[in-house]
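My entries follow in the order I made them.

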Amino acid sequence: MYAATWGGKIYKSTDSGVSWVVFSESLDAYIWSLTVVQGRIFAATVKGVYVYSGGKWVLAGCANLDVHDLAFHNGVIYAATWSSGVYMSVDFGVTWKQINNGFNTWPVIQAITVCGSGDVYAATFGFGIYRLQSGSTTWVQLNCSFQMFWAIAASKTALFAASYGDGLYKSVNGTSWTKVTTLPVQFIYAIDVSPQCGKIYVSSLTGGVYMSSDDGLTWTHLGFTGSNVCALAVDPSTDEVLVGTKTGEVYKIPAGLTGGEIKDQVPQDFILSQNYPNPFNPVTTIEFAVPEAGEYTLKVYDMLGREAATLLKGSLTTGYHKAAFDAGGLPSGVYIYRLTGNNVVLSKKMMVVK
C-alpha cells in the first residue's frame, strides 16, 4: 500500500497498513493521487505527473500543470488537470496528448474514472460531469443538476459522483444523474468501491465514513465523525478499508464490518457534528466529542429560545458520543441543539420537516 501526502512524501506499507515507512525521497510538490500501472507508480502532483520505476522519481509529463487524478484502462493513462482539461498517454507516460474536444472551456477536472465498458468519466469542479465514450475522441456533457464534484467511481452496475455541497449523485445508464437522497452528508471528499463485494464507501470531512451494500439505496455510518477524513481506499486483496485524515493519521476498517463507531482515539477538541439526517422526520442522530471527562448537557431549543428537549444531562467520559432526538411531538421548523459543560458551549441548527 502507498500513501501520498501534501508534504510531498510517499509512505509504503507491506503489512496491510499496520506499519509505514518512507518509500522514497520527497517530490517537493503536493501529491493528489497515486496509481500503479504494470510495476510503475504514477503520482499526480501540482507540478505534473511523476513516475517511479525503481531508483528515483522522474517527471513523466504535464509539466507545471496541476494534475489532480489519474486513471488507467487498456494500456491508456488518463490525467485530470485543474484548468487544462484531460491528457492521455498510450506509452506509459513517455508522451502525452491533450484531449479536450467537446469541453465548453478547459474545465477544472478534479477526478477521472473508467467504467467496465471502457467509457471515461470526468468529474469537474464547476462544469458537471463529462463522458468520453469508448472509441470516441469527443467529450459529452451529461445531464446533472449540480456542477461541482470532487470524486467519482464506478461499481459493476452504476456510477457515483461525490459533490462539493450537494451530496452524492448516481447514474445507472451513464448519461443521466440523480441525487442519492438517503445519504445525509453534503460535502464528500472520497469514494471507493470494493471489487470483491461491491460495497460503496464515501467519506465526509466532518461527517465521517458511510457504507452502502445495496448500490446506494441505504447507508450505514461507520464513525469518524469530526475526524477530517480526506481519503479512503479499499484493499482489493482483503476488502479492508484504509481511511486517511487531514492530520496524517491512517485507520483500517476490518473487512465485513457492518456498522458502529470505528475510531477509538481520544479527541483533541470539542466537536459538535451536524445531525443526520437533516432535515428529518421525526428522528435524527447527533454526534459529538469531548476531550475530557466531566458534566455535560445536550439540549434542544426552538427559535424563540424555549427549551424543547433535554437529550442528556450528566457525566460523560472522554471520547465520542451520540444521542437520538425524536421530534414526533414538535411542529415543523428550525431548532437549535446546544452542548454545554466544562468550559464549552457549542450550537448548531437543524430542521424538522413534516
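Entry 1. I began with an open sheet of four strands, in the order 20-21-22-23, with antiparallel pairing. Strand 20 (190-193) and strand 23 (220-221) are at the edges with a single partner strand each, so one side of each has no neighbour in the sheet. For the record, this is a predicted model, in which local features need pLDDT of at least 70 and side-chain atom pairs count only at pLDDT 80 or more, while totals for chains, interfaces and linings use all residues. Residues are numbered from 1 along each chain as its sequence is written, and side-chain values use heavy atoms, with hydrogens and water left out. Strands here are DSSP runs (E, at least two residues), numbered from the N terminus, and two strands pair if DSSP finds at least two bridges between them.

I then looked at the pairing of strand 20 with strand 21 (residues 200-204): the two run antiparallel and are joined by four bridges. Ile191 has Val202 in strand 21 as its bridge partner.

**Entry 2. Ser194.** I followed the chain out of strand 20. Ser194 sits in the loop between strand 20 and strand 21. Is Ser194 buried or exposed? Ser194 is buried, at a relative accessible area of 2%; buried means under 20%, exposed over 50%, and partly exposed in between, with a 1.4 Å probe and protein chains only. The Ser194 side chain comes to 3.3 Å from the backbone nitrogen of Cys197. I noted this as a polar contact, that is, a pair of N or O atoms within 3.5 Å, where within protein one must be able to donate a hydrogen and the other to accept it, and residues adjacent in sequence count only if both atoms are side-chain atoms. Leaving aside residues up to four places away in sequence, Ser194 touches Lys199, Val234 and Asp239; contact means heavy atoms within 4.5 Å.

**Entry 3. Nonpolar cores.** In soluble globular proteins, nonpolar side chains tend to be buried together. I looked for such sets, a nonpolar core being buried Ala, Val, Leu, Ile, Met, Phe, Trp, Tyr and Cys residues joined through side-chain atoms within 4.5 Å. The largest nonpolar core has 20 residues, of which Leu272, Phe288, Leu298, Val300, Phe325 and Met350 touch the most other members. At least two residues of this core come from each of strand 28 (283-290), strand 29 (294-302), strand 30 (307-316), strand 31 (319-326), strand 32 (333-341) and strand 33 (344-352). Apart from this core lies another, of 17 residues, including Ala153, Val185, Ile188 and Tyr276.

I listed the contacts of Phe288, again without residues up to four places away in sequence: among them are Ile271, Leu272, Leu298, Leu312, Leu316 and Leu339.

**Entry 4. Cis peptide bonds.** Asn278 to Pro279 is a cis peptide bond with omega near 0°, and the bond joining Asn281 and Pro282 is cis with omega about -10°. Pro279 is in the loop between strand 27 (271-272) and strand 28, and Pro282 is also placed in the loop between strand 27 and strand 28.

**Entry 5. Cysteines.** How many disulfides are there? The count is zero, taking a disulfide as a pair of cysteine sulfur atoms within 2.5 Å. I also looked up the accessibility of two cysteines. Cys62 is buried at 8% relative accessible area, whereas Cys230 is partly exposed at 34%.

**Entry 6. Positive phi.** Asp28, in the loop between strand 3 (21-22) and strand 4 (31-37), has a phi near 55°, positive though the residue is not glycine. Asp28 is exposed, at 56% relative accessibility. Asn64 has a positive phi of about 65° and lies in the loop between strand 7 (57-61) and strand 8 (67-73). Asn64 is exposed as well, with a relative accessible area of 69%.

A further positive phi, about 45°, belongs to Gln38, in the turn of the hairpin that strand 4 and strand 5 form with two residues between them. Six bridges pair strand 4 with strand 5 (residues 40-45) in the antiparallel sense, and Leu34 has Ala43 in strand 5 as its bridge partner.

**Entry 7. Ile109.** I ended with Ile109, in strand 12 (residues 109-114). Ile109 is buried at 0% relative accessibility. Its contacts, beyond four places in sequence, include His68, Trp82, Val86, Phe103 and Ala123. From Ile109 to Lys97 I noted twelve residues in sequence and 16 Å in space, C-alpha to C-alpha.
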